[in-house]
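Student: Before we discuss any details, could you show me the sequence and the model that we are going to read together?

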Amino acid sequence: MSPTRPYSPWRRAGDFVIISGQLGVLPDHETTTFVEGGTAAELRQALANAKTVLGEAGATLHDVVKASLFVLDMSDFAACNEVWLETFSDPLPTRTAVAVAQLPLGAKTEVELWAYAPEH
């Protein structure tokens, strides 16, 4: 998805692909529209958006080795973990989870991923 800020959606650094933070916004909308259903639903959509961006860079969710998860409310943490386990399989990526006071555009969650994906 195209950035709304002055940054790249993804960058390659050697064998690593790093993607910018993804939000739970619906793709192909003229305006920023978040998926309905709360934090878990936003995370599910953010991870779907991340999958698309990784694909543009020649990587997959299976290649992800490091993740950062940002949430507004830690009471949503267990639900986010359920979404995480729906999305990733073993070996799970390492992850940092941080509660924040605010996220861009009013998001409830944001996810940043690093993938190890050597170019062939």
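Predicted model: local features only at pLDDT ≥ 70, side-chain atom pairs only at ≥ 80, totals over all residues.

Tutor: What follows is a walk through the packing, the ring pairs and the charged pairs of this structure.

Student: Which residues of the largest nonpolar core touch the most other members?

Tutor: A nonpolar core is a set of buried Ala, Val, Leu, Ile, Met, Phe, Trp, Tyr and Cys residues joined through side-chain atoms within 4.5 Å, where buried means under 20% relative accessible area, exposed over 50% and partly exposed in between, with a 1.4 Å probe and protein chains only. Of the 23 residues in the largest core here, those touching the most other members are V17, L43, L54, W84 and L113. Two or more residues each come from β2 (16-22), α1 (39-56), β3, α2 (77-87) and β5 (109-116); these helices (H or I, at least four residues) and strands (E, at least two) are DSSP runs, numbered from the N terminus. The most is given by α1, with 6 residues.

Student: Which residues does L43 touch?

Tutor: Contact means heavy atoms within 4.5 Å, and, not counting residues up to four places away in sequence, L43 touches L69, C80, V83, W84, T109 and V111.

Student: How many aromatic pairs does the structure hold?

Tutor: A pair of aromatic rings is described by the distance of the centres and the angle of the planes. Rings of Phe, Tyr and Trp (its six-membered ring) pair if their centres lie within 6.5 Å, with planes under 30 degrees apart counted as stacked, over 60 as edge-to-face and the rest as tilted. The structure holds 3 such pairs. The rings of F16 and W114 have centres 6.4 Å apart and planes at 70 degrees, so this pair is edge-to-face, and it links strand β2 with strand β5 across 98 residues. F16 and Y116 are also edge-to-face, at 5.3 Å centre to centre and 65 degrees between the planes. Ring pairs join F16, W114 and Y116 into a cluster.

Student: Which residues form the salt bridges?

Tutor: Side chains of opposite charge can pair when their charged atoms come close. A salt bridge is a side-chain nitrogen of Lys or Arg within 4 Å of a carboxyl oxygen of Asp or Glu, and a search of the whole structure finds 2 of them. R12 pairs with E119, the closest N and O atoms being 3.8 Å apart. R12 lies in strand β1 (residues 10-13) and E119 in the segment after β5, so this pair ties together parts 107 residues apart in sequence. E86 and R44 meet at 3.0 Å, N to O, linking helix α2 to helix α1 across 42 residues.

Notes:
Residues numbered from 1 in each chain as written. Heavy atoms only, no water.
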